[in-house]
Amino acid sequence: MKLFDTMSRSVRELSPRDGQTYRFYCCGPTVYGPAHIGNFRTFVLQDVFRRSLELSGQPTFHVRNLTDVDDKTIRDSQAASMSLGAFTDLWRDRFHTDCDKLSLLRPHLEPSAVAHIPHQIAMISELMEKGHAYRSPDGSVYYRVSSFSPYGRLSRLDQRELKEGASGAVTDDEYDKDSVSDFALWKARRPEDGDNFWESPWGEGRPGWHLECSAMCREYLGDSFDLHSGGVDLVFPHHENEIAQSEACTGHVMADHWFHLTHLLVDGGKMSKSLGNFYTLEQIEKAGFSAAELRYVLISAHYRQPLNFVARDQDGNESFPALQGARQALQRLARFDAALSAKAGNVEIPDYETLLTVKDGASFEGAFEALQNDLNTPDALGRVFSATKQVKPESLSPAEAAKERLGFHRVLAALGLELPPVAVEAVAEAPPEIALLAEARREAKSAKNWAEADRLRDEIASQGWIVKDTKEGYELCPKN
Ligand code: AMP
Ligand code: ZN
């Protein structure tokens with residue numbers, strides 16, 4: 001599989017360092033509220049990435065942390081009059097529920113930052129011993145950016161920008177440091193932190209966010225691992241700082257590959273609560289759409305392109321045209337699957353684990369290959385639809401239909417798409433051979449092959465069934 005690497009700015013082949021398991025880390029959610037659909041764009045595409053690797057025969061080890069201590073989690077737990085632990089547990093559980101609905105595979109490990117504070121303290125001590133960190137008068141500890149000469153490589157910061165203090169590196173409460181670009185490894189306890197502080201050799205306080213990920217990566221993936229990932233907003237300063245911390249400590253390259261996902265926009269702009277365009281899965285469901293429909297929209301654009309989630313139509317009504325389109329697309333795929341299934345004799349579709357052993361995706365192999373080529377999800381979807389047009393279930397033998405269905409489901413598994421029930425219920429009641437003829441007629445109609453469509457209508461009629469066109473598609477009813 002090939003994927004764009006932010007560090008080298010090129011598409012590179014992926015291969016595991018240990019020759020066996022592809023080991024990667026994704027920066028996880030900050031658990032202080034529900035994740036929004038932008039966060040889920042990132043998590044869903046990381047999930048397609050993992051599925052595509054696994055289905056190509058490459059085992060993985062996926063670590064994704066929970067950021068359960070930082071300025072936002074502390075602030076909002078206090079506002080809710082809850083302990084930090086109870087508050088972040090609540091939002092962690094909600095995140096898991098949303099992830100399950102969106103068919104995200106659970107990471108193999110999901111470490112929490114709070115549970116790894118001793119690891120973070122040990123790393124700070126090491127950085128101080130090696131001359132990369134210093135204690136400020138208030139008891140905070142800062143990373144000395146000038147001590148790490150490769151700093152800025154990932155985000156291509158030049159020295160001038162660094163001296164001026166690149167945007168994002170400085171926050172109000174970080175004033176006791178030698179240089180504006182230095183960042184906090186340990187934040188001294190302040191009254192507004194309440195009970196949320198830990199003992200350290202430098203006094204009471206709490207870890208800096210960047211350090212949390214470095215410590216958890218090192219603990220579970222070692223000094224060097226295969227790939228590190230997050231949304232594009234994490235390139236700077238978060239990932240730049242992670243590299244500075246980890247590589248200064250270990251002397252080894254932190255990750256061989258950096259995988260960043262471009263942001264989701266809503267109606268052409270950034271999502272924000274004040275603009276009223278901030279959506280969670282719960283809101284999407286309340287509007288009558290499913291998690292599978294949202295997932296379909298989220299994978300419909302390439303991860304290196306911004307995805308514009310269209311929520312409002314031209315008149316400004318919140319009608320979610322993107323999700324409506326996804327609903328139709330999934331229905332088409334479900335109808336195709338029903339036709340294949342009828343022909344193949346309703347053999348059971350293997351579960352994900354079993355699909356991992358399927359080698360030949362038959363007519364769907366091209367779609368699978370598109371995923372191997374820089375995770376091109378829109379190309380993969382395009383090829384899935386071409387294949388569903390080319391494969392004519394009615395002209396296949398049961399064995400051929402079964403094989404095509406396996407290939408089809410292998411691609412669906414890589415994309416993590418679950419098919420909805422076929423909306424036209426009457427199709428399910430008609431015998432399989434009638435359902436097949438009706439599907440073939442629908443295909444003929446959409447190809448404007450009216451003669452063939454009429455012939456199929458007559459054939460269906462000759463077997464005792466009437467096909468009626470409806471707004472959604474068609475219905476099959478027995479004659480009289
Ligand atoms: P957070 O919970 O804020 O730590 O973010 C979790 C993940 O979502 C990170 O990888 C972010 O980079 C990513 N992310 C945040 N906003 C967006 C967005 N609008 N589109 C895509 N990914 C995002
Ligand atoms: Zn991180």
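A polar contact is here a pair of N or O atoms within 3.5 Å; within protein, one atom must be able to donate a hydrogen and the other to accept it, and residues adjacent in sequence count only if both atoms are side-chain atoms. With that term in hand, the ligand site can be described. A nitrogen atom of ligand 1 is placed 2.9 Å from a polar backbone atom of leucine 264. Threonine 42 brings a polar side-chain atom to 2.7 Å from a nitrogen atom of ligand 1, and aspartate 233 brings a polar side-chain atom to 2.5 Å from an oxygen atom of the ligand.

The model is a predicted one, in which local features need pLDDT of at least 70 and side-chain atom pairs count only at pLDDT 80 or more, while totals for chains, interfaces and linings use all residues. Residues are numbered from 1 along each chain as its sequence is written, chains are lettered from A and ligands numbered from 1 in the order in which they are written, and side-chain values use heavy atoms, with hydrogens and water left out.

The overall architecture comes next. The protein has 17 helices and 14 strands; these are DSSP runs numbered from the N terminus, with helices (H or I) of at least four residues and strands (E) of at least two. Along the principal axes, the C-alpha atoms fill a box of roughly 90 × 45 × 40 Å. The domain assignment, whose bounds come from an automatic or database source, gives domain 1 (2-261), domain 2 (265-324) and domain 3 (423-480). Between the C-alpha centres of domain 2 and domain 3 the distance is 34 Å. Of the 480 residues, 53% are buried, where buried means under 20% relative accessible area, exposed over 50%, and partly exposed in between (1.4 Å probe, protein chains only). Among contacts (heavy atoms within 4.5 Å) with a separation of 6 or more, 76% join residues 24 or more positions apart.

In soluble globular proteins, nonpolar side chains tend to be buried together. A nonpolar core is a set of buried Ala, Val, Leu, Ile, Met, Phe, Trp, Tyr and Cys residues joined through side-chain atoms within 4.5 Å. The largest such core holds 77 residues, of which Phe40, Phe49, Ile284, Leu294 and Phe309 touch the most other members. Helix 1 supplies the largest share of this core, nine residues, and at least three residues come from each of domain 1 and domain 2. Apart from this core lies another of 42 residues, including Tyr143, Trp186, Leu211 and Trp258. Phenylalanine 49 is in contact with Met1, Leu3, Leu14, Tyr22, Phe24, Leu227, Phe259 and Leu375, leaving aside neighbours within four places in sequence.

Just after helix 3, serine 103 adopts a positive phi of about 60 degrees.

Strand 4 contains histidine 62, which counts as buried because its relative accessible area is 4%. The side chain of histidine 62 makes a polar contact of 3.2 Å with the side chain of arginine 50. Not counting residues up to four places away in sequence, histidine 62 touches Phe24, Cys26, Arg50, Pro107, His108 and Leu109.

Two further buried residues lie in helices. Histidine 238, in helix 7 (residues 235-250), has a relative accessible area of 1% and is therefore buried. Beyond neighbours within four places in sequence, histidine 238 is in contact with Cys27, Trp209, His210 and Cys213. Phenylalanine 385, in helix 13 (residues 377-390), is buried because its relative accessible area is 14%. Phenylalanine 385 touches Tyr296, Ala329, Arg332 and Leu333, residues up to four places away in sequence not being counted.

Serine 290, by contrast, occupies the loop between helix 8 and helix 9 (291-298) and counts as partly exposed because its relative accessibility is 28%.
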